[in-house]
Amino acid sequence: MFRPRTLGCGVGELAAHLSSLGYHVDAVDWSDNALAEATAQHGNAAQWLRLDIELDDWAPLHADGYDVITLRFVYPFLKHRDRTMPALGSRLRPGAAIVVITPLAADTPAERRGIALDASPTFCLPDGNF
């Protein structure tokens, strides 16, 4: 079974879409309010989990790994990328991928560029160096 995990699921649009395609989704966010809204809007479309991926225990996550992990508007806010990205990579099944969804700096107003990335590579998956 293809198993995606969405990090920074917010109110659950991406998680619900993946679920509508028949996937079993673990949707993670640190915000109780976002998860309450996701549950209200999308019911049991996903397993909604409140988790700070940098600080909390990952025990609630699927032990067999994931086929795709999405970081939706999360990557620029990670304080410990050097630790978090390899840990996420270790949760990938063979042939799986991490997908980063975030604005590009060139398309973002100057006052909001702190939430954006430039076009340079920020991490590399194939050899596990992040």
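**Helices, strands and single residues**

Modeller: Let us begin with helix α2, in what is a predicted model, where the buried residues are Ala 34, Leu 35 and Ala 38. Seen down the axis of α2, these buried residues fall within an arc of 95°, so they line one face of the helix.

Biologist: Which strands do the buried residues of α2 pack against?

Modeller: The buried residues of α2 pack against β2 and β3.

Biologist: And which exposed residues sit on the face of α2 turned away from its buried side?

Modeller: That face carries Asp 32, Asn 33 and Ala 40, which are exposed. Just after α2 comes Gly 43, with a positive phi of about 55°.

Biologist: Let me step back a bit. How many helices and strands does the protein chain have?

Modeller: The protein chain has three helices and five strands, and read along the sequence they follow the pattern β-α-β-α-β-β-α-β. The radius of gyration is 15 Å, close to the 14 Å that the globule rule gives for 130 residues, so the protein chain is as compact as a globular protein of that length.

Biologist: What does the C-alpha trace span along its principal axes?

Modeller: The C-alpha trace of the protein chain spans about 40 × 35 × 30 Å along those axes. Buried residues make up 39% of the 130 residues, and the accessible surface comes to about 7,300 Å², with 54% of that surface belonging to carbon and sulfur atoms.

Biologist: What about contacts between residues at least 6 apart in sequence, how many of those join residues at least 24 apart?

Modeller: Of the contacts in the protein chain between residues at least 6 apart in sequence, 54% join residues at least 24 apart.

Biologist: Back to the helices, then. Which residues of α1 are buried?

Modeller: In helix α1, which runs over residues 13-20, the buried residues are Ala 15, Ala 16 and Leu 18. They cover an arc of only 160° around the axis, which puts them on the same side of α1. The buried residues of α1 pack against β1, β2, α2 and β3, and just after this helix Gly 22 takes a positive phi of about 100°.

Biologist: And which ones are buried in α3?

Modeller: For helix α3, residues 81-89, the buried residues are Thr 84, Met 85 and Leu 88. They cover an arc of only 95° around the axis, which puts them on the same side of α3. Among the elements that cover these buried residues are β1, β4 and β5.

Biologist: I would like to look at some single residues now. Is Arg 5 buried or exposed?

Modeller: Arg 5, which is found in strand β1, counts as buried because its relative accessibility is 0%. Not counting residues up to four places away in sequence, Arg 5 touches a list of residues that includes Asp 26, Trp 58, Tyr 66 and Leu 88. The C-alpha atoms of Arg 5 and His 62 are 9.1 Å apart in space, although the two residues are 57 residues apart in sequence.

Biologist: Where is Arg 72 placed, and what does Arg 72 touch?

Modeller: Arg 72 lies in strand β4 and is partly exposed, with a relative accessible area of 25%. Leaving out residues up to four places away in sequence, Arg 72 touches Leu 7, Gly 8, Glu 13, Leu 14 and Ile 101.

Biologist: What is phi of Phe 73 near?

Modeller: Phi of Phe 73 is near 60°, which is a positive value in a residue other than glycine. Most residues other than glycine have a negative phi. Phe 73 lies in the loop between β4 and α3, and it counts as partly exposed at 43% relative accessibility.

Biologist: One more, please: which residues is Val 99 in contact with, leaving aside its neighbours within four places in sequence?

Modeller: Val 99 is in contact with Val 68, Ile 69, Thr 70 and Leu 71 once those neighbours are left aside. Val 99 itself has its place in strand β5 and counts as partly exposed, at 34% relative accessibility.

Terms used:
Residues are numbered from 1 along each chain as its sequence is written. This is a predicted model: local features need pLDDT of at least 70, side-chain atom pairs count only at pLDDT 80 or more; totals for chains, interfaces and linings use all residues. Side-chain values use heavy atoms; hydrogens and water are left out. Helices (H or I, at least four residues) and strands (E, at least two) are DSSP runs, numbered from the N terminus. The radius of gyration is taken over C-alpha atoms; the globule rule is 2.2 Å times the number of residues to the power 0.38. Buried means under 20% relative accessible area, exposed over 50%, partly exposed in between (1.4 Å probe, protein chains only). Contact means heavy atoms within 4.5 Å. Accessible areas come from the Shrake-Rupley method with a 1.4 Å probe; for residues, only the protein chains shown count as cover. The arc is that of the directions from the helix axis to the C-beta atoms.
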